[in-house]
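Here are my notes from a pass through the model. Have a look at the structure first, then go through the points in order.

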Amino acid sequence: MTQTPFPDDFLWGCATAAYQIEGSPLADGAGASIWQRFSHDPRLMAAKGDTGDVACDHYNRMADDVALMKELGLQAYRFSVAWGRVLPEGTGRVNQAGLGFYERLVDTLLANDIEPLCTLYHWDMPVALDDRGGWLNRDSADWFADYGRVLFDRLDGRVKKWVTLNEPWVVTDGGYLHGALAPGHRNMFEAPIASHNLMRAHGAAVKAYRETGKHEIGLVVNLEPKYAASDSPEDQAAQRRAEAYMNRQYLEPAIHGRYPPELKEIFGEAWPDWPAEDFALIQQPIDFIGVNYYTRNVTRADDSWPLNAGPVPQTQATHTTTGWEVFPQGLTDVLLWVKENYGDLPLYITENGAAFYDPPNAEGGRVDDPLRVDYLRKHIAAIGSAIEQGADVRGYMLWSFLDNLEWSLGYSKRFGIVHVNFETQARTPKNSARLYSQVIATNAATL
Ligand SMILES: OC[C@@H]1[C@@H](O)[C@H](O)[C@@H](O)c2nc(CNc3ccccc3)cn21
């Protein structure tokens, strides 16, 4: 058994997102989100009938859930705010009842010595703004900054780590290019515009935070390291395109104030000439980068759209029920890649976890999830390896605290370290939760 001690102040927590766990999406004056619209549309939702109407009923069970976080020993909790609860029309009128829920959540976390990490946008834009063009409207940067100011004014100080966007790549690729996620558009000309406005909104929110904020704000990106399938020029070029499209598209403008050149190659006539002043807005200095890591991609040239690059199936490897290869080394590699390409900003693993087949409901208060236990042990050790090699990793937010609504895939994909019986709403810590409690108590990875 090898032990890898982590830095003394390393922050161990879990992550969730509003629409995936809260339920009651229209309660107390809340305005509907694009996920309320998407999940109720059987033409769009893969898991037809699975909506966020109830989810984990966290909106009504928050205090008990925080008590369970405390029992497990969590030091931090990354959550997101449903924009429409706070601003039902997306801008203008503040819904104090909705803001009050998040104030109670933050105060309950603090009362249990759990640090809140607050994500402003985890995919649930108010429909009122989507009806005005959503992320396709350049005004979205101002809408988002104004929304941020409402939260900063009320919660900054109690919240000391803010995140502007969760995974702009998924918002754009899923919501505007392939249509698999809300708002369900399939348009190669829209995708770059949405992507660019998301990053303008990120910059505008960071700029707004600097007006009054006294703590930290960052950006969360999903990073999937791309490994060329061969040394052939075709596969090498395919790897560069895939890396630019997913892993560089957002960090390059945020940190370096530019886009990777491959994006013009990928989008062609659909790639606009961006106004130079936009990059000054986007490149607002941030305090940390949040990295969401789940898996890697072995990439080869192919005729797939729009990248002409695609995955080589790793048939010998263990895969999750979402079809993702279990590849812990990729986490070490990608953390060192961020350091090499984007400098020594503090890093947080803001999501890491896996969906495996768990028993449908807890039997006698136990949920045995050996594959998730193994996944977590190896990925936490992989972080330790990156730290030993110089990566300034400050914390780990395991995805996820609860089994929850896996977006268009519904409730069948269970990522939680706590099992949720969606018929009774009973919570049952899985063996992976017990493992995580040990990791936190010892501040070490054990393999
Ligand atoms: O899929 C698991 C989680 C999801 O529940 C979170 O809300 C989201 O932040 C999240 N991002 C990823 C990684 N990126 C990704 C790649 C392709 C499709 C969907 C997500 C995984 N996850």
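This is a predicted model: local features need pLDDT of at least 70, side-chain atom pairs count only at pLDDT 80 or more; totals for chains, interfaces and linings use all residues.

**Notes on helix packing and aromatic pairs**

1. Start with the buried side of helix H5 (residues 96–111): Gly 98, Leu 99, Gly 100, Phe 101, Tyr 102, Glu 103, Leu 105, Val 106 and Leu 109 are its buried residues. Buried here means under 20% relative accessible area, with exposed over 50% and partly exposed in between (1.4 Å probe, protein chains only).

2. Residues are numbered from 1 along each chain as its sequence is written, and side-chain values use heavy atoms, leaving out hydrogens and water.

3. What do the buried residues of H5 pack against? Their partners are helix H1 (18–21), helix H3 (58–72), strand S3 (76–80), helix H4 (83–86), strand S4 (115–121) and H7, with contact meaning heavy atoms within 4.5 Å. Just after H5, Asp 113 has a positive phi of about 55°.

4. The length of H5 checks out: 16 residues at 1.5 Å a residue should span 22 Å, and the end C-alpha atoms are 22 Å apart, so the two agree. The expected span is 1.5 Å times one less than the number of residues.

5. Now H7 (residues 140–155) against H9 (residues 190–212): the axes come within 8 Å and cross at roughly 35°. Those axes are lines fitted to C-alpha atoms over the stretch in contact, with angles from 0 to 180 degrees between N-to-C directions. The residues of this contact divide into 9 nonpolar, 4 polar and 4 charged (nonpolar: Ala, Val, Leu, Ile, Met, Phe, Trp, Tyr, Cys and Pro; charged: Asp, Glu, Lys and Arg; polar: the others, Gly among them).

6. On to the rings: the whole structure has 41 aromatic pairs. Rings of Phe, Tyr and Trp (its six-membered ring) pair with centres within 6.5 Å; planes under 30 degrees apart are stacked, over 60 edge-to-face, the rest tilted. Phe 10 and Trp 12 make a tilted pair, 4.6 Å centre to centre with 55° between the planes. Phe 10 is buried at 2% relative accessible area, and Trp 12 is buried at 0%.

7. Trp 35 and Trp 407 are also a tilted pair, at 4.7 Å and 50°. Trp 35 sits in helix H2 (residues 34–39) and Trp 407 in the loop between strand S12 (393–399) and strand S13 (418–421), 372 residues apart.

Key
Helices (H or I, at least four residues) and strands (E, at least two) are DSSP runs, numbered from the N terminus.
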